[in-house]
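Me: I am new to this structure and would like to go through a few of its parts. Please show it first.

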Amino acid sequence: MNAVKIFQPVTLKVASMLRQISDTGTHQEGFTDSSGLPITDFASTDSTALIAFSNSLPVGAVYLAKISNDQAKGSVIISRNNPKVNVDLELAKTTVDFVHDNDIEYLELWGHGPTGFLVEAAAEAGLISQRELHEMEIPLPLENSAKFSPEVTVRTFIPGDDEEPWLKLNHRSFVNDPDQGQWTRETLAERMRRPWFDPELFIIIEADETIIGSCWVQIHPASANREKFGEIYVVGVDPDYHGRGLGRALVEAGLALIAKNDCAIGTIFVDVKNTIAFSLYQKIGFTDRRIDRLYVWTSPTEKGKSG
C-alpha cells in the first residue's frame, strides 16, 4: 500500500529516511538544493520533506530545502529498485497540493535521471518539464590532443587575481543561461571553498592578456554506485571568439586533465536547447548517460497575473 507523508520540519529520523532514499538515486550527490548543490545536512527547521512509502518502506521523496518569498525549490528522488512500485503520481500530486495549500506561488524541482518523476505522472499532477539537461560521458583518454591557435595563451586559474575577469567572461558566455549566467562573486567564492576545488584543474585561455575562455574540471571520487570520474564543470568562450575552434580545444584540454587524474570516464552536462554545444560534444565522442529534468509548477493566481 502506498502513502505520502509530509514532514515539517525535517528531524534527524526523517533525515535518515532521506539518506536511505538518496542512496538509491543515480545522481552522484543525491538530493540537491535550489542552486544544484548537494544537501549535506537534511535536518533543518526551514526544510520540508514529502516522503512516499510502500508497505511502510520509504521509496521516494521530494525535499524542499527552504521556502521563501512564496517560492519553493528542491529535488525529487524515487527508488526504482522495485519496478512494481509506482509512487510518482501520488508524490507529485501531494507535492502540488502542499505548495498550493501553503500559498506558495512557484515551485521548482530537479529530478535526476530515471529517479526523477516520470514525465507523464508529473504532467498529470500539474508539474511541467521546463528544462532538460543531458549528462553525457566519454571514455578516456582521447586519441586526439587539444590544439589552440598561436594567438592564445594557456594557463591555470590564479585565485586572488582571476575572479573578477573570469566572472565577466562567465556572464558574457552564458548570457542566456538562467543559472550559470547569474553567478556573483559570492557564488564563485562558495564553489572555490568546496573541498574538490583545485586551481590546477581550472584552465584559462587569454588573448592580449584578456581572459577569453575557460574549462573548469571537477574530479568525483568513486562511490558505492559509480567509479571515479571527472566532470567538465564549466566551459565557456567569449562570444567575440566563437567560431575559432576554442570551445572544442578547451573541452579536449579538460578531458586530458581528467585522464591525467586517473579517470577512465569524463562527463559534461548540456541543456538540450543548446544545440550548438550538444552537437559539438557528440562530435567529440560524448554519448548520453542520463537526462535530468527541471519540473515547474506555477499557481493559477500567478499565471493569471502574468497573463
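Me: What do the buried residues of α1 pack against?
Reply: The buried residues of α1 pack against β1 (2-7), β2 (48-54), β3 (57-68) and β4 (71-78). This is a predicted model, in which local features need pLDDT of at least 70 and side-chain atom pairs count only at pLDDT 80 or more, while totals for chains, interfaces and linings use all residues. Residues are numbered from 1 along each chain as its sequence is written, and side-chain values use heavy atoms, leaving out hydrogens and water.

Me: Which residues of α1 are buried?
Reply: In helix α1 (residues 12-22), they are Val14, Ala15, Met17, Leu18, Ile21 and Ser22. Because they cover an arc of only 160° around the axis, they lie on the same side of α1. The arc is that of the directions from the helix axis to the C-beta atoms. Buried means under 20% relative accessible area, exposed over 50%, and partly exposed in between (1.4 Å probe, protein chains only). Helices (H or I, at least four residues) and strands (E, at least two) are DSSP runs, numbered from the N terminus.

Me: And which are exposed on the other side of α1?
Reply: Leu12 and Lys13 are exposed there.

Me: Changing topic, where is Lys93 found?
Reply: Lys93 is in helix α2 (residues 88-101). Lys93 is partly exposed, with a relative accessible area of 37%.

Me: What is Lys93 in contact with, leaving aside its neighbours within four places in sequence?
Reply: Lys93 is then in contact with Glu124 and Ala125, where contact means heavy atoms within 4.5 Å. The C-alpha atoms of Lys93 and Glu124 are separated by 8.3 Å.
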